[in-house]
Amino acid sequence: MAPGALARLIIGRRAASPLLARPFAAKARAPQRAPEPEPLSEEDDDFTSGGEAAPIPTEGISKPLAGILKELGKRVPESLLKTRLEDNGFALKYIPWHLANKILNAHAPEWSGEVRNIVYSSDGKSVSVVYRVTLYGTDAEIYREATGTASVEDKGFGDPVQKAEGMAFRRACARLGLGLHLYHEDMS
């Protein structure tokens with residue numbers, strides 16, 4: 001069908017409908033339901049068609065939320081942890097943000113993350129970032145938010161917003177169980 005013909009068809013239908021001329025008077029309609037999928041025949045129940053393997057779905061691969069949270073709650077191997085020496089001489093273990101990202105990709109491939117807010121302090125010496133991590137299971141979804149703050153005057157690697165975002169991301173992951181054991185070790 002030519003592109004102009006489709007436009008004429010749509011415009012022609014609009015002009016013929018008195019309800020579309022007054023959109024505020026449009027009738028409420030029942031939502032359209034998607035057709036039910038046809039059940040597999042006995043020949044197709046082995047996921048093959050004509051002797052060839054059926055395509056493997058690559059979207060929507062997930063597991064129940066309880067299974068995802070159980071996996072994230074496991075101890076992170078020591079080999080993946082980094083140690084940072086604080087100004088007071090205290091050694092702090094943490095998971096680098098890129099490894100937390102890889103762990104989420106492995107156990108919750110349909111997760112998402114977003115920066116929700118960036119706020120500079122009134123004196124301009126620090127920046128805080130609010131970050132949200134959302135996990136999608138086959139049965140539910142859950143999100144956790146956390147904040148991270150970095151000094152603007154710190155001249156280490158990366159800019160202050162990146163540092164605050166990485167800290168907020170790791171903390172949000174910890175609220176979902178990833179690396180949470182590290183916070184308990186700090187208390188002892």
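Helices (H or I, at least four residues) and strands (E, at least two) are taken as DSSP runs and numbered from the N terminus. The structure is a predicted model, in which local features need pLDDT of at least 70 and side-chain atom pairs count only at pLDDT 80 or more, whereas totals for chains, interfaces and linings use all residues. Residues are numbered from 1 along each chain as its sequence is written, and side-chain values use heavy atoms, with hydrogens and water left out.

The largest pocket has a volume of about 840 Å³, and among its 25 lining residues R84, F157, Q162, K163 and R170 lie nearest the centre. At least two lining residues are supplied by each of β3 (82-85), α4 (97-107), β7 (141-151) and α5 (160-175), with α5 giving the most, 7 residues.

Aromatic contacts were also examined, with rings of Phe, Tyr and Trp (its six-membered ring) taken to pair if their centres lie within 6.5 Å, and with planes under 30 degrees apart counted as stacked, over 60 as edge-to-face and the rest as tilted. The structure holds 2 aromatic pairs. In the tilted pair, W111 and F169 are 5.8 Å apart centre to centre, with 35° between the planes; because W111 lies in the loop between α4 and β5 (112-120) and F169 in helix α5, this pair ties together parts that are 58 residues apart in sequence. Both W111, with a relative accessible area of 15%, and F169, with 5%, are buried (under 20% relative accessible area, 1.4 Å probe, protein chains only). The ring centres of Y131 and F169 lie 5.4 Å apart with the planes at 80°, so this pair is edge-to-face, and it links strand β6 (residues 126-136), which holds Y131, to helix α5, which holds F169, across 38 residues. Together, W111, Y131 and F169 form one aromatic cluster.

Key
On a 1 Å grid over the protein atoms alone, a cavity is a set of points where a 1.4 Å probe fits but cannot get out, and a pocket is an open set with protein on both sides within 12 Å along at least five of seven lines; lining residues have an atom within 4 Å of a point. Grid points are joined across faces, edges and corners, and a volume is the space filled by probe spheres set on the points. Buried means under 20% relative accessible area, exposed over 50%, partly exposed in between (1.4 Å probe, protein chains only).
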